[in-house]
Amino acid sequence: MAPNGVNGVHDDEDIDYSDIEAKYQVEYDEGFDNILVVDGVPVIDKSKLEKLLQKISKDFSRKGCPIKPENMTVPWNDANGKSKGYMFMEFKTADDAARALATMNGHPFDAKHTFLINRFTDFERYLNLDETYVEPEPEEYKPKEHLRAWLGDPQGRDQYATYRGDEVEVHWHGKPSQCEVAYSKTNWTDLYVSWSPMGTYMATLHRQGVRLWGGPSWDPHQRFAHPLVKLIDFSPNEQYLVTWSYDPIVVREGAEQGPQYFSPEDEGNNVAVWDVKTGNLLRTFPSVYPEGDEAKKQMQWPTLKWSPDDKFVARVTPGQQISVYELPSMGLQGKKSIKIEGVVDFEWRPLGEKDRDETEKENKANGAAKASKKPRENMIAYWTPEVQNQPARVSLMNFPSRETLRQKNLFNVTECKLYWQNQGDFLCVKVDRHTKTKKSIFCNLEIFRVREKDFPVEVVELKDTVTDFSWEPKGERFALVSSNDPNLGNPGPGITIKTDVSFYQHDRSKGDFRLLKTLPGRTSNTVRWSPRGRHVVLATVGSSSKSELEFWDLDFLTDETRRDGAPWGSGIQHLGTADHYALTDAEWDPSGRYLATSASAWRHTLENGYAIWDFRGQELEKHILDRFKQFLWRPRPPSLLSKEKQKQIRRNLKEYSRVFEEEDAAEESNVSAELIAHRKRLVDEWNAWRLRCKEEVAEEARKRGKKVDSAQEKAPQEEKEEIEVWIDEVIEQIEEEVVE
């Protein structure tokens, strides 16, 4: 037999493979990372085990964490034969277990039980935890930026955002010397930008979803992963956000899981509700379209409507019900919808300043352990159309008690629109009625006086069709645009619709609304009230042939009217007329002193850009910008000053105004001094240039042998241009009031 190593035969027993085996050793998963311990399970007996396991399996599978009942183990108490209130779950992989832990921890199983989930390996880790105290190293304090820092601007300036091409800019708006760009960024949004209701955040829309930005540095603060989002809507107090996409939600295999992402049960829905602070997804809904084939082309937006205190959000199922959901759980309030046969639309009543003041007083009284009253309820207004022999109806309902407060029957109704005054004092129902032959349509206004006993209703009858209606903010007046033009509803190119604009005011002595004034023969189709009331702009928006702006003051002669007993409505004064060619939008700033008009490239490409006017119609600035798309004033939150403090400021307004007038005068004098110095510098440069040119001409003449008169040489020095500047300075100004 041949010895070892002969004929290529080797003995493997003498070779050491330990290094290779260590390098390529396959580690088998023999741990318990795929096992979870689920606490918060109902305590049951063995007869209900199968039903419980099926219910839990269904809940986990619906959230994208499938598990079979045979992979669940329930420990039992031998003493009483009941379960111990927890169970073990064994998933196929550790990744599946991690996904279930992130998704289902804190999930409410029912009204009394909530799942609390831990890894099985965590118990051993916590049991073997080193109990020796090690003092942690203190983290360096990093102060966070204040999200409302812009309100502390020393000059009290407002901000506005513009979107042009691919660039978004945030501007400061003030006096000409104080206007500047606060921040700009290219490709900041893919679709458009939007401010939150109180101006805290700017929202940008992208293919992946929505991002919120804020603070002086404009850092990102939150994101919401809703692909291909098209529309967004904030709740009134900025606590929640609603997003909508035309494309239904699709959850792909291997997609990220967690409270901030969609789960399989969200598939096919279009509307999502999010928590702004945490970024968590609260609930999703499918899109709901109005009844009728032609209406399917347009979806009502916002499809979810918020109560003014952010406690509830509601949606209507046309013809059937109104569903109201509680926040933040997004559970159906009272576990049932409000069944209303034929319901078309509804609106929440806004909270006025009176309501907020009363709520604060009630909260203070409750805090002082005084007798607490029934908590203030929200109010819903809704309408139902005519069905067979039943008339159309407008109803007011308290919520959450669901108590019906008032109903009004309406006849020969084609359409209704609900308009709340922003303080919740009045509700106007614009009723489009048809004649018995249904060949013509006219309009009535049904006005509910909500703060009075039994909610009295007043009817304002109109002969024409009302195309626009608007309440005065914090006031008792409203404006409407009406027309009997035969081209109304079928406007063609170059056709201008003739309209009438009317103002009405509540007459407290008679308890009804009276006509103040009608402005006939206008082309205006839009009414824009100043947020402070009193001033109003009538605009012709969306027309290529007319683009007029009319500025009106409804309290111009208020004092004289009260003193002289002038006729009703004589205090209205026309302040000015302006023109912005092909304007598409008009918006007041939060102070009510400035109006911005814009022509967006989303509507047309004719002289796109924006202009800013004062309340009298004087143009302050105008910018013609190609590819200009959007202009948005930044909203302001409600004032923190009390009513007493605001009254005190108004009483002492002259003292405050002197300080501002001095600052304005100082700034104006500085500007004047700079302008005078600039003009003097230009004149000196001109004289120096003339002198230099004449010297060069004289030198050239000498070189050619021509005689130069000495007087001609001195002439440039003697020829001087003197400029006298007169400056008027006000030494003292005295105001005298003459009492008749």
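Predicted model: local features only at pLDDT ≥ 70, side-chain atom pairs only at ≥ 80, totals over all residues.
Local features here need pLDDT of at least 70 and side-chain atom pairs count only at pLDDT 80 or more, while totals for chains, interfaces and linings use all residues. Residues are numbered from 1 along each chain as its sequence is written, and side-chain values use heavy atoms, with hydrogens and water left out.

Q: How many aromatic pairs does a search of the whole structure find?
A: The search finds 36 aromatic pairs. Rings of Phe, Tyr and Trp (its six-membered ring) pair if their centres lie within 6.5 Å; planes under 30 degrees apart count as stacked, over 60 as edge-to-face and the rest as tilted.

Q: Why is the pair of Phe469 and Trp471 called edge-to-face?
A: The ring centres are 5.7 Å apart and the planes stand at 85°, so the pair is edge-to-face.

Q: What makes the pair of Phe469 and Phe478 tilted?
A: The angle between their planes is 35°, with 5.0 Å from centre to centre. Phe469, Trp471 and Phe478 also belong to one aromatic cluster, together with Tyr419, Phe426, Tyr504 and Phe513.

Q: Why does Phe469 count as buried?
A: Buried means under 20% relative accessible area, exposed over 50%, and partly exposed in between (1.4 Å probe, protein chains only). Phe469 has 5% relative accessibility, so Phe469 counts as buried. Trp471, at 8%, is buried too.

Q: How do you know that Arg125 lies over the face of Tyr126?
A: The rule asks for NZ of Lys or CZ of Arg within 6 Å of the ring centre and within 35 degrees of the ring normal. Arg125 meets it over Tyr126, at 4.8 Å from the ring centre. Arg211 lies over the face of Trp213, at 5.5 Å.

Q: How many disulfides are there by this rule, a pair of cysteine sulfur atoms within 2.5 Å?
A: The count is zero. For Cys416, the nearest cysteine sulfur is that of Cys443, 9.4 Å away. Cys416 is buried, with a relative accessible area of 4%.

Q: Why is Cys693 called partly exposed?
A: Its relative accessibility is 23%, so Cys693 counts as partly exposed.

Q: Which element gives the most to the lining of the second largest pocket?
A: Strand S17 (281–285) gives the most, with four residues. Strands (E, at least two residues) and helices (H or I, at least four) are DSSP runs, numbered from the N terminus.

Notes
Disulfide = S-S within 2.5 Å.
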